[in-house]
Amino acid sequence: MSDLLEHLLLPRLEGVKKHGERYMACCPTHDDKSPSLSLVRGNDGRVLVHCYAGCEPRNVLAAVGLELKDLFPSGLSQEQRQQYLREKLEKERYFERLVIESGNGAVGNGQELSDDDIARMALAHERIEQLDQQLAALDKPEKSKCRAMLTQASAIKPRGIRWLWPAWIAKGKLTVLAGAGGAGKTTLAIGLAAILTSGGHYPDGSLCTERGNVLIWTSEDDPADTLVPRLMAAGADLSRVHIINGRINHKGEHEPFDPATDFNLLRKAVEALGGASLLILDPVVNLVKGDMHKANDVRRSLQVVVDFAEEHDCAVLGISHFSKGSGGSSPADRVIGSQAFGALARTVLVAAKQEDSEVRVLARAKSNISNDNGGCSYSIEECTVDDDIETTRVRWGDFIDGSAKEILADVERQIDDEPEDDDPAEALRRILSEGPLTGKEAKRLMVENGYTQKQIRTAREKLSVTIDREGFGKNIKSYWSLTSFMPSNLHSCPSSSMGTNEEKGHEWKNEARMEDAADNQKFSKTASTITDGLQDETPLGNSLTTINDNAEYF
């Protein structure tokens, strides 16, 4: 570093004198009788040149056969060089400003300036204008050398999705597994890791055709007393499972592994292993640098995970939680944090547990690359490994038909939500007891009362509900009614033994007869109201109210 100043620049100058860490020399660009050129070495090896007479550094260097770039050590980056130039120009501008303020101050005190002082002030104004232009040029962004890369579709060789667990977890993709607390998500994930490392069948019966390495990072469970015992209980090949339990810094010291900042360190680790088939991140929200509820923060943070998965053909399973109060929402939207978690993941799996029961379910809430219907039941059972270590493992059950929303609803519906001493069939009977309803309206009322689609179907079959359809194509409508109540035509009345209230038969106390044309006209208007209600999708409650209000005319 010292060569730049002491061996390169100083030998080319005259009148060199050392003053501490600074050198003074005669400036080669003007008739300098006393040294006015200051030279000092910066902390990073740069040579700082300043002429107190106002000469530009580039002109000073040119006079001795050098350029500005010769003042920089070869190791400096372009950004560091730019920063140095900016600081230097700002210091020069400050000095020229002092020259002008000093002259103005002298004039303000009644002093008369010499011709040399006036010329120096004029030069200071000129120098400030030049320095401002140079600073403005530094602030202009350089023309980017980056460019977009375009690839013709014809040059890309198509390939099918590569599966770890067929139709559930894909290689080279991010999969999110979310659920409420107590669903056993980590134990479930460890069960899948055991299948992958030791071979066997996945929950749906498909065969694991290729064993692989598994990486696990978790901030919630201890490897010694939780993860390893669960792996043992699940029958995993422990030699293929690797726990990420820290990082080694540049000093050789052990530090905690932060997936939000250290994720790139996994690349070399995986290469050293010879590859990995599955990476489990628990919880995946810890990878977010910033706010997990902001889509941009989530996308930027998880992009490194998506890239890692693709580059290493490794399936990434990110474990997360349901957001509070999200019951009844679309299952994929229940993942805590920004919806970007579900958007970036190619598949979203959801798990749930029935309260006061060991019944649990796993379902596909979203899949961009396969069918997203169906699920699996499972339970978490206690067991003992190494004679005295108590732990848990997953026990897989049967395959379940239906959508994720239906599957979750079956286990999440609370018993307290059901009407006391009631069953779905009784609830549907009461809903249809006032007369026919569109199938859409009947289902809506049942769902609002906490019943699942499966329970609704069972109740409809149990009651032998009559389904009548009207219209054609897109205009077709279906109406549900109780078989014994549905009148043969809209002008007939139920028998005296049938009805919707305690008194049976009619919805009024005193039966009446139609006695004149006016009454007949009002009756026809009421019947027409019912017919209009059947021809559109509006609930029949208003029509039935009209019947009750005009009951005396029947």
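**Salt bridges and a charged patch**

The count of salt bridges comes to 19, a salt bridge being a side-chain nitrogen of Lys or Arg within 4 Å of a carboxyl oxygen of Asp or Glu. The model is predicted: local features need pLDDT of at least 70, side-chain atom pairs count only at pLDDT 80 or more, and totals for chains, interfaces and linings use all residues. Residues are numbered from 1 along each chain as its sequence is written, and side-chain values use heavy atoms, with hydrogens and water left out.

One of the salt bridges links Glu 441 to Arg 444, with 2.5 Å from N to O. These two residues are three apart in helix H13 (residues 439–448), so about one helical turn separates them. Helices here are DSSP runs (H or I, at least four residues), as are strands (E, at least two), numbered from the N terminus. Glu 441 is buried at 11% relative accessible area, while Arg 444 is partly exposed at 37%; buried means under 20%, exposed over 50%, and partly exposed in between (1.4 Å probe, protein chains only).

Within it, the closest N and O atoms of Glu 56 and Arg 58 are 3.9 Å apart.

A negative surface patch consists of Glu 382, Asp 386, Asp 387, Asp 388 and Glu 390. Patch residues have over 30% relative accessible area and no salt bridge, with like charges joined within 9 Å and nonpolar side chains (Val, Leu, Ile, Met, Phe, Trp, Tyr) within 5 Å. Asp 388 sits in the loop between strand E18 (375–385) and strand E19 (389–400).

Note on methods
Areas by Shrake-Rupley, 256 points an atom, 1.4 Å probe, with all protein chains shown as cover. Lys, Arg positive; Asp, Glu negative; His and termini not counted. Charge placed at Lys NZ, Arg CZ, Asp CG, Glu CD.
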